[in-house]
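Hi,

Here is the structure I promised to pass on.

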Amino acid sequence: MKEEESALLSEEEKPPPASPRSTSLDALLTLIYCAAYLLVGPALILTNKRILKDIGFAYPMFVSGIGQASSALGAFGAIRVFRLQPLQNAHLVQWPFYLRNMGTVGAATAASLCFGNAGYLYLTVSFVQILKAFTPVFVVAMLYCTAVETPSRRVCFSVLMICVGTSIASAGEANFSPIGLTIMFCAETCEATRLVLTQKLLTNLKFPAMEGLYYMAPICTFWMWGLAAVLELPTMLAQGHLRLIPQHASTFALAVLYGFAVNVASFLVIKRTSSIMLKLMGTARNAGVSS
């Protein structure tokens, strides 16, 4: 009799199975988030390309900081002003936690862009793009080493194929530079660090996407514009390029809007899928834009 009661209790304690309707809704939301990321991302790329090349505002650190600053303001407005999202994990975000996680994400984001731009000084554009396709390898390795996620055999096989394809594509590179290769590996390590820590916060620690953006976007802005102040601001002031911002206000406003939308979409994709999926989607998206 006791065995039957314990079995009955264990059955009652089991969570109810997900209904087909709930599963279908989750899949639909995931597809919507992925589609938003794939659609808004190219819009931001083309807008930034217009700012950097057509307008002549060639300061990538500052331009990238625009998207982070708009995300910080948008998340602040959504949470503090309009109260759309409560801060569910405020008790976790003490200064040691913030510096160790969000501070590292901000530094890795800025360093990834800085190293990525420096790679073009030593390598051809095509070879840099080939090496960027190698980033999922770093993401998988870091996910495993940090115990954030154990990649499946299918994922590992896919990453292995990426390694083989990248090696074959880069075998005939004439302008090979060990310094450039080292710089690109640093860029990819920083990018993997950013993605893995973001997945840890959003998935493992259950941070909602808007709350994660609320905490991470300000420190990313600080790192981006901090480096821009050292590396780009002197030239910007000497050339008088700050006046280009009011002259092309509509284009910069689009960069603000698209930057916020891309960051929200990327956080939602990571939370729904994984950082590996986000990077693979980004690689496919960039290939489509470049073609």
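Where in the chain is the place of Arg83? Arg83 sits in the loop between H3 and helix H4 (95-100). I'll come back to that residue after some background.

This is a predicted model, in which local features need pLDDT of at least 70 and side-chain atom pairs count only at pLDDT 80 or more, while totals for chains, interfaces and linings use all residues. Residues are numbered from 1 along each chain as its sequence is written, and side-chain values use heavy atoms, with hydrogens and water left out.

**The whole chain**

The secondary structure comes to 14 helices and zero strands. Helices (H or I, at least four residues) and strands (E, at least two) are DSSP runs, numbered from the N terminus. Of the 291 residues in the chain, 42% are buried; buried means under 20% relative accessible area, exposed over 50%, and partly exposed in between (1.4 Å probe, protein chains only). Taking the contacts with a separation of 6 or more, 87% are between residues 24 or more positions apart. Contact here means heavy atoms within 4.5 Å.

**How the helices pack**

Two packed helices are described by the angle between their axes and the distance between the axes. The axes are lines fitted to C-alpha atoms, for helices over the stretch in contact, and angles run from 0 to 180 degrees between N-to-C directions. Angles under 35 degrees count as roughly parallel, over 145 as roughly antiparallel, 65 to 115 as roughly perpendicular and the rest as oblique.

Start with H5 (residues 102-119) and H9 (residues 178-204), which pack at about 150° with their axes 8 Å apart. The two are therefore roughly antiparallel, and their crossing is left-handed. (Left-handed means that the near helix is turned anticlockwise from the far one by less than a right angle, right-handed that it is turned clockwise.) On the H5 side the contact includes Met102, Val105, Ala108 and Phe115, and these meet H9 residues, among them Ile183, Met184, Cys190 and Leu197. The residues of this contact divide into 13 nonpolar, seven polar and two charged. For those classes, Ala, Val, Leu, Ile, Met, Phe, Trp, Tyr, Cys and Pro count as nonpolar, Asp, Glu, Lys and Arg as charged, and the others, Gly among them, as polar.

H5 also packs with H3, again at an angle of about 150°, with the axes 11 Å apart. That makes H3 roughly antiparallel to H5, and this crossing is right-handed. Pro60, Met61, Ser64 and Gln68 in H3 meet Thr109, Ala110, Leu113, Cys114 and Asn117 in H5. By class, this contact has five nonpolar, four polar and no charged residues.

H9 has another partner in H13 (residues 249-272): their axes come within 9 Å and cross at roughly 70°. H9 is therefore roughly perpendicular to H13. Leu195, Thr198, Gln199, Leu202 and Thr203 of H9 make the contact with Phe267, Ile270 and Lys271 of H13. It has four nonpolar, three polar and one charged residues.

**A few residues to look up**

Ser70 is found in H3 (residues 60-81). Ser70 counts as buried because its relative accessibility is 8%. Its side chain reaches the backbone nitrogen of Phe260 at 3.4 Å. Apart from its neighbours within four places in sequence, Ser70 is in contact with Val256, Gly259 and Phe260.

Gly226 is in helix H10 (residues 209-231), and its relative accessible area of 34% makes it partly exposed. Gly226 and Met61 are 165 residues apart in sequence, yet 9.1 Å apart in space, C-alpha to C-alpha.

**Back to Arg83**

Most residues other than glycine have a negative phi. Arg83 is not a glycine, yet has a positive phi of about 55°. Arg83 is exposed, at 62% relative accessible area.

Ala147 also has a positive phi, near 60°. Ala147 lies in the loop between H7 (135-145) and H8 (153-170), and at 64% relative accessibility it counts as exposed. In H7, which comes before Ala147, the buried residues include Thr135, Pro136, Val137 and Phe138.

Cheers

Notes. A polar contact is a pair of N or O atoms within 3.5 Å; within protein, one must be able to donate a hydrogen and the other to accept it, and residues adjacent in sequence count only if both atoms are side-chain atoms.
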